[in-house]
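Dear colleague,

Please find below the structure that I am handing over to you. My notes on it follow directly after.

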Amino acid sequence: MKTATYNIRIDPGVKESAEKIYSSLGLKLSDAINVFLHKSIMHYGFPFDVRYQQPNENLLNALYASERLVNEYTNGTRKPAPYNSVRDFLNEILNEEDDSDV
């Protein structure tokens, strides 16, 4: 089978990470790129979504709560409390009344 050569520029860290992943699957990076191109042809475009994911309400609430906690620790209105587990910590922040302007 004839092959064509195509030179691309890749961030060295990205290349190294990708090579590690694909070598663990028994593939060279060029093999993985060929798989991507074949799948692109089959799908008439990217073989996966290329868009930003809209965060759901639970994620947004968690982000707002963590931001509020960081602000409270930073300005001194909240002192660190000992927690026995992450669950205890999450229960505390999720059970607080949300007094933010969200």
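Residues 24 or more positions apart make up 26% of the contacts with a separation of 6 or more in the protein, a contact being heavy atoms within 4.5 Å.

This is a predicted model, in which local features need pLDDT of at least 70, side-chain atom pairs count only at pLDDT 80 or more, and totals for chains, interfaces and linings use all residues. Residues are numbered from 1 along each chain as its sequence is written, and side-chain values use heavy atoms, with hydrogens and water left out.

The protein contains 4 helices and 0 strands, in the order α-α-α-α along the sequence; helices (H or I, at least four residues) and strands (E, at least two) are DSSP runs numbered from the N terminus. Its radius of gyration is 23 Å, well over the 13 Å that the globule rule gives for 102 residues, so the protein is more spread out than a compact globule. That radius is taken over C-alpha atoms, and the rule is 2.2 Å times the number of residues to the power 0.38. Along the principal axes, the C-alpha trace spans about 70 × 30 × 25 Å.

Of the 102 residues, 10% count as buried, meaning under 20% relative accessible area with a 1.4 Å probe, protein chains only. Ser40, in helix α2 (residues 29-43), is buried, with a relative accessible area of 15%. Leaving aside residues up to four places away in sequence, Ser40 touches Gly45 and Pro47.

Yours sincerely

Methods. Buried means under 20% relative accessible area, exposed over 50%, partly exposed in between (1.4 Å probe, protein chains only).
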